[in-house]
Amino acid sequence: MPISFKDERIELAHGSGGLAGRRLIEGLIAPYFQNDLLSKLSDAAVFPVQAGRMAMTADSFVVKPLRFPGGSIGSLAVHGTVNDLAVSGARPLYILANLIIEAGLSVAILQEELAAMAQAASESGVLIVGGDTKVVEHGKADGLYISTAGVGVVEAPRALSAEAVSIGDKVILSGAIGDHGITVLLARGELDLSADIKSDSRSVWPLVKALLEACPQALRWMRDPTRGGVSASLNELAADCGYSIVLEEESLPVDRAVRGACEVLGLDVLHVANEGQFLAIVDAASAEIALAALKSTPGGSRACIVGEVVETKKSPRLLVRTPYGASRVVDMLVGDQLPRIC
Amino acid sequence: MKFVDEFRDPELIKSTVGEIESLMQGRSYRVMEVCGGHTHSIYRFGLEQLLPSSLEFIHGPGCPVCILPMDRVDEGLKLAAQKNVILAAYGDMMRVPGHSGSALELKASGLDIRMVYSPLDALKIAVDNPQSQVVFFAIGFETTAPATALTVLKAQELGLSNFTVFVNHVTVIPPMRAVLDDPDLKIDGFIGPGHVATVIGACAYDEIARDYKKPVVVSGFEPLDILQSLVLLLRQLNNGEARVENQYARVVPWAPNATASTVLAKVFELRPTFEWRGLGAILQSAVKLRAQFSQYDAEVRFAEVLANHRIDLEKDRIERGRGPSTPCGEVLKGLIKPNQCALFGKECRPEKPLGALMVSSEGACAAHFNYAHERID
């Protein structure tokens, strides 16, 4: 007889490993993720491996608020994990999801997040094959934290790394930046500001796959610019490859509302987080082919070439060139970007 | 984007730079931009790279975070450490180092410190938390002072008994005079603070032009604003004139804002003197709440806490001797460039600032560090 879960709130007992815990897992959580690997509910998911290389990643999600326009912690957990695999050149396959639930969380909210995870997994073509559940005391977590691990199989024919990058390579951006960070900032409701924008949270695998098919040998390096934004990703690349990166300010795709919010708050969009974009370094000779492949893939219409890898003058840096000929260094952020008063 | 793109037009920028070049022919000038917002813009948009090196920018004392002495920062943070107190502060204040850490660090260690974008947000926290005492850490020139004043009036209207303000509002003209009175400094003219002039009016700078024979051009904050202001300033300098001109007329009126002035006069009075980081004590350069609003004055409500703190601090100073000093004052007065400070980029960096100039994105040192020049071509 199937176990049913009827409680309205999560309590400490649900994390105890006893009957209440079993009801939570078998009666509430597992049914959202029906698949052969999960249904055994054993200590580990067992799956066959293919010849070749596999990629493995881990991530944690502590977003506040749990829900925001365009996504929620559940969909974010799946997309974030999938994207880490995708930008490693790997087709995402399986996800483990650990839930850390604050006692007192309404079951309805948990159900919404489980459904969001299930939907994001299904859309991204991955299976959630297991996980762990813990309940912590009320006041010890912001409702729900999700920690994940992901496994994928590498389809990129050559190693993607900073060492493969050389002078003259082009920087391709998959679409408009800043949407996620600004959306979450505004969704917190701490700033009396609203805008018609939503998070860009999505799987980037279809776009990466298009790139891998169009120019498998020309792809050098990829990264999803999440926390710290484009600036953090490209500063890390510059430090790792030893060359500087120059972005053309004019060519950076930024939506009007995001740009407006950044201007009002005194934020630099290059530091703002994204959850559905990636940066790719591509050999210059294949850059237009790569761009065309992205543009003809659903969700890739705003992809563009935004800059290039250049020789280093003093130390490897990220630079932005303005349309009137000046340039500025964009460093990594020290902490969070804080709004300015005047 | 309207109101932004037209002031960043590449062709207009290039032609204005050309005009500046011809006005600078064979001459050299030192221009002070007083306001931290202008400092930020100059670096952010790389304007110095476009201009002749004979035109030198001196970054002035107009960043409200940078000029606040560390003792005041400590006092504000001391209030946050009191039982049942919620301290609300602007984002700019969160990373400023006190002797025992910054607001961000103290928040991470468990103090209830919240970042707000407006003093009204702080007031709302007080309404929502009637069991707590909410202190708003008020900083800024005349630009932000009216919002604080209105918030105090609102608190009075609501009859709140759990809301106070730690007032650190300063005025812009006295430090300009202090800088000009310094015999070491040679400044030819000023890019006048723009947003502060929406409150005090462009006419407020008249006394600078009159008493010191220095031209002042009130400027906006976009690249073309600043470049056009330089054109106006250079024309005056070349003609031997010293007037106040208003480049930012789309925002700044000539006369003071009557409503704001009334509110400021109603709520605040001048302090006899106020300590400025790097500049020392300047007479009548800051305000405090008038006596009739003392119930909203954190310095009155927490007088004992602050007095004890000052005694402790003094004892500590005698025991430890003077702490490491930073030459921020010399940078603030434009005597040295940020990167000429021995600590710049070494002991003093944005992630571990020793001086406040390295904290705020409007601080000359942070701006210099973050947007350090490196020409691509």
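In the predicted model, Asp5(B) and Arg259(A) form a salt bridge (a side-chain nitrogen of Lys or Arg within 4 Å of a carboxyl oxygen of Asp or Glu), with the closest N and O atoms 2.8 Å apart. Between chain A and chain B the count is 3 salt bridges. On chain A, α8 (256-265), β13 (318-321) and β14 (327-329) each supply at least two residues of the side that touches chain B. Of these, α8(A) gives the most, with 6 residues. Helices (H or I, at least four residues) and strands (E, at least two) are DSSP runs, numbered from the N terminus.

Contact (heavy atoms within 4.5 Å) links 33 residues of chain A with 42 residues of chain B. The area buried between the chains (accessible area, 1.4 Å probe, lost on being put together and summed over both) is about 3500 Å². Carbon and sulfur atoms give 55% of that area.

Chain A is divided into domain 1 (12-154) and domain 2 (162-329), with bounds from an automatic or database domain assignment. Their centres, taken over C-alpha atoms, lie 28 Å apart. The contact takes 20 residues from domain 1 and 22 residues from domain 2. About 1600 Å² is buried between these domains, 63% of it on carbon and sulfur atoms. Pro69(A), Asn83(A) and Val87(A) supply 30% of the area that domain 1 buries against domain 2, more than any other three residues. The count of salt bridges between the two domains is 0.

Residues are numbered from 1 along each chain as its sequence is written, and chains are lettered from A and ligands numbered from 1 in the order written. Local features need pLDDT of at least 70, side-chain atom pairs count only at pLDDT 80 or more, and totals for chains, interfaces and linings use all residues; side-chain values use heavy atoms, with hydrogens and water left out.

How values were computed: Buried area = accessible area lost by both parts, 1.4 Å probe.
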